[in-house]
Structure formats: C-alpha cells, structure tokens
Amino acid sequence: MPRDNPRNPGFPIPSGPDLRAKGWRQEALLRLLENVLAVGEDPENLVVYAALGKAARNKAAHDAIVAALTNMDEDQTLVIQSGKPVGLMKTSAQAPMVIMANCNVVGQWAKAENFYELERKGLICWGGLTAGAWQYIGSQGVIQGTYEIFMRIAERRFGGTLHGRFVLTAGLGGMGGAQPLAGRMAGAAILCVEIDPERARKRKEIGYLDEIAPDLDSALRRIEQARAAGEPLSVGLVGNAAEIYPDIAGRGIVPDIVTDQTSAHDLVYGYIPVGYDLDRVRRLRSQNPSELIEAGRASIAKHVEAMLQFQRSGAEVFDNGNLIRTQAKEGGVADAFDIPVFTEAYLRPLFCRAIGPFRWMALSGEPSDIARIDDLVLEMFPDNYIVTNWINLARQNVPFEGLPARIAWLGHGERSALARRVNQLVQSGELQGPVAFSRDHLDSAGMAHPNIMTENMRDGSDAIADWPLLDAMLLCASRADLVVIHSGGGGYAGFMTSAGVTIVADGTGAADERLEQALDNDTGLGVIRYADAGYLDALDEVAKKKIGRIEI
Ligand code: NAD
C-alpha cells in the first residue's frame, strides 16, 4: 500500500510487499521513479529540483515508462532517451533493466540557447543528474554534502567547530534548502537569503529554518546573539542576495564563511535579478529571455563582488557548485575565480580514494529497515569518523522525505561490503523488503565538470569526459540495474558529463554478484581516474586496495 504524502498529496510514497511489476528489479526502479516525484519540487510538471531537472520528458513519456517497467521481463532492457522511453529490447537477465542517456548534445551545439530550443520542441529534457535517473532522495544528500564541507572548513580554520561562527548563504530551493539544517548541525549561526517567500516558508515549516527575520537588521541581530552565545541557529531572510550581500559588506560585517546556492547556473529559469519580482520573471521567461540573461549577469556580478570583498576581509568563501563564478566572469568580474570551488578546496582527497556520496533506499517504505542498516554501518565501520558521526547525526536530525533513505560517504570496497551484507539481510527476511543502492553523480569516476568536480586537476584533464562515459559502459558490463549517461542542460549545457548507477539488493545470489562487481568497478575506476591524474592519495589507494590499474 502506498503511503500518503502530505508534501505532494497526488504523489504517494511507494511501500509494502506487493509487486506490480514482474520482479523486484523492475518494481524497484518503478518505486524510485515514484519516489523522486513524491519528494520533488513540482511533480505535476515532473520537475524534481533545480527549476528544470525532470524525472521524465512529459506526461505521456512518464506513463509509457511506468507501463514498460510494470510489464517488462527480466531479460529485457528499457532504453530511455532524455526522459522518453524509446525501446524495450531483448537482452539477458544479466543485463541492466534500464539504460538512459539524458541531455547529451554534441560539443559545438551544447549551449544553453540550443538546449532551450530543443526542450521547447519536446526533443530533450534535462535530467538534473539524479532527478532524471530516479536516484534523488530529497534533501539528505545535499545536507550531508554541505555539512561535510562546513566541517572540513571548521577543522582547517576554526578549531573543529562552527559554534560561535556566522555563515552567510543564499537560495532555499530543492538543494539549497538543506543549507540551514546543515549549518545548524555544524553548530553555526547561519543566515540564508531567499527571494521567494514561499520557498522560505516551506523550509521553516519542515524545521530546517528556525525563524524567518522580517528585515536585515533583525536578521543580523539574531545571528549576532546566537554567534555570541555559541548557539546553533538558522535564520531565513526574504530578499535578493545580490542586494543583501553588498549591504552586509557595506556595513563592514565579515561573516566567517560565505557561499551561495541560488540557481545561478540558469539565468532564464533560475536566478532572479535585482529589481525583478517573481511574476515579471515568469512572464519574461517566454517573452524576453535575453533580458533576463543580461539582468541576471549584472546582478550576479554585484553578488560575486560582495563575496570577493568578504574573501579579501578574511572570510572563507567558496562556490558551492552553481556556476556563480562562471556567470560573474561573463558579467565582467575578472577575478571571480579567486573564489575556490568546494570540490577542489575541501573534498578532493576523499575523491582520490573514491570516498563519495553513496546512498541506499528502503523499497519497503519502512523506516525500521534504514534503522537496521544504520546499526550495521556503525558495526562495520566503527573507526570511520565521517560515517559514524553522520549516521548518528542524521538519525536525530534528518527527517525522511519519501522512501526512507540514508547516505554515507564510503569508498572502494566499503560500499560493496555493506551492500552485500544488506543483501543477506534482505534474503534472511531481517529487512522488510529489498534495498536499492545508488550514489550522487558527483563521484570519483562519475563526473567531468571543469567548473565543479574536475576544476584544476593536477594533470590538466579537467574537461575530459571519457571517464564518466567509460564508467557508464563499465557499469553496464558489470550488470548494474540502471545506468545513465547525463550531460548538463539549461545553464549547465556544455559544462558537464556524468554517469549514474542504481543496483537493487533483492536478496538473490545474482544481486550479490551485481552489487560486488558494479560497486567495486565504479569506485575502482574512480581511484584510477585520480591516480591517472597523478594524485598521490589515489596512487596509494591503488596499491593498498590492489585495484587493477594498468600503469604505463
Ligand atoms: P532551485 O531552483 O530549486 O532553488 C534556487 C533558489 O534560489 C530558489 O528558491 C530561488 O527563489 C532562489 N533565488 C534565485 N535567485 C535568487 C536571488 N537573486 N537571491 C536570493 N534567492 C534567489 O535550485 P536548487 O536545486 O536549490 O539548486 C541550487 C543551485 O545549486 C543550482 O545551481 C544547482 O545546480 C546547484 N547544486 C549544487 C550542488 C553541489 O554539488 N554542490 C548540489 C545540488 C545543486
């Protein structure tokens, strides 16, 4: 029986032991598709997050995917082109159930304007990474990512804690909405600027924001009180970040950490320029998108100038993966790239060892299944502080949004070891149902993005997209259940290529083999990618874990 979903009432959360499809592998993928809509921002329009990141091309495509997943046999593979099912092919029970290519446009054509045109013609849609690949689990993934970034900064600069520190950020959308909770979990007093009052209200309603301040003076007063008392506090402020950041800088106030998660990557469907209200922006999207692009770049220039001013005054400032520096540079801010990107600044040593955002979803819909796996993780990795700390924190602070799910930054060999133990628990009936394993696309082998994941690679290989393409092919050869090759659309057009994977632990021996092979090959290739670029941590991991790298 599906569970009611107060967040999106027409989109129940799948659950229970009954199969609608012919096997758990198909049923699992069907439930994951339902789940991304259940937790999505605008499921009626199939939008999961980031303004345009969709689960399927259109309603007809969605319904055809559901029908195919429900009726297909295990020895068939469903082929999906940018959110539209185009073929149900005879393969073998060893092959992936679903393969996808989302939003890949050949190099010279991979530009935002071409993407919008193709989208308007109904020929393509942007999968937004995990949205189109049905792997999104709500805010938890990004809560942990943001929390780990804050903690790495805390360790480096603030004696290991953010208690008594002021974090300034903006954007409370699908992903950015996780920031207030992550900041509070790290102990900070965090101020989040958001232009859309409805978005701020939503984050307050689910408890991520402690309060919404009526104006900037009150917001800064509350932040200063919390900072002085060393108390965690998250405050929302409705306003335009391109006005508020310069205003704060103009007062001579220097936050300890500054970042931003407005949808700056997309100047038509995302970022709101100064002086434009939401209704006007909605009208201009179809009537005059170039006006929005021009005004957006001018606002982002001011926004980033203020971030640079904070940086020069001693704040830790970073780009959190929304292309704000790239837009600012286009808008004339020559030194925008003095701001580092979070991956290079804080996370690369982890990626060198293929430690990244691994995740799992309880397909039964039962929170007790995740609780049991939480215990298992604590048992299996007692000395892994990042993981044990997160599991304990998440248990207390992170509500499940759709299917109960958990995320943990595990590396090579750890992911497969955990997944195979879980598969045994499914087999023995200790868990109420199968479990799907997946990861963010922002993972060692999974992503080439020269302004986020692979910026300033040691050997200059930033823009080489061979790695995620090889990863996807290797994952197919390793019999993963769903494999996707994805590229950026909208404002990300031409900026990135990624690979995603999902594997279902249904308690069978075949799943055991799939989990071991696909997970180890995915992380193994990730380590090889960084070893190939000359990172010593990765070379060490190759030697330590005996990964099959060919060295020439
Ligand atoms: P979203 O579109 O759901 O939300 C963006 C929010 O920014 C909206 O609520 C919007 O009202 C607000 N906003 C727009 N312009 C503003 C302005 N000038 N001032 C204040 N608020 C403004 O997008 P999202 O899913 O939250 O993602 C945000 C950005 O982060 C995107 O660019 C996304 O691609 C990026 N992202 C990065 C990572 C990462 O790996 N670090 C992960 C996820 C998303």
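**Cores and rings**

Modeller: Y147 is buried, and so is W390; buried means under 20% relative accessible area, exposed over 50%, partly exposed in between (1.4 Å probe, protein chains only). This is a predicted model: local features need pLDDT of at least 70, side-chain atom pairs count only at pLDDT 80 or more, and totals for chains, interfaces and linings use all residues. Residues are numbered from 1 along each chain as its sequence is written, and side-chain values use heavy atoms, without hydrogens and water.

Colleague: How do the rings of Y147 and W390 pair: what distance, what angle?

Modeller: They make a tilted aromatic pair, 5.8 Å centre to centre with 45 degrees between the planes. Rings of Phe, Tyr and Trp (its six-membered ring) pair if their centres lie within 6.5 Å; planes under 30 degrees apart count as stacked, over 60 as edge-to-face and the rest as tilted.

Colleague: How many aromatic pairs does the structure hold?

Modeller: Twelve. There is also one aromatic cluster formed by F115, Y116 and Y269.

Colleague: New topic. How many residues are in the largest nonpolar core?

Modeller: It has 109, and L69, W134 and F342 are among those with the most contacts inside it. Such a core is a set of buried Ala, Val, Leu, Ile, Met, Phe, Trp, Tyr and Cys residues joined through side-chain atoms within 4.5 Å.

Colleague: Why does this core lie between domain 1 and domain 2?

Modeller: Because domain 1 (25-138 + 346-544) and domain 2 (140-340) both give residues to it. The domain bounds come from an automatic or database domain assignment.
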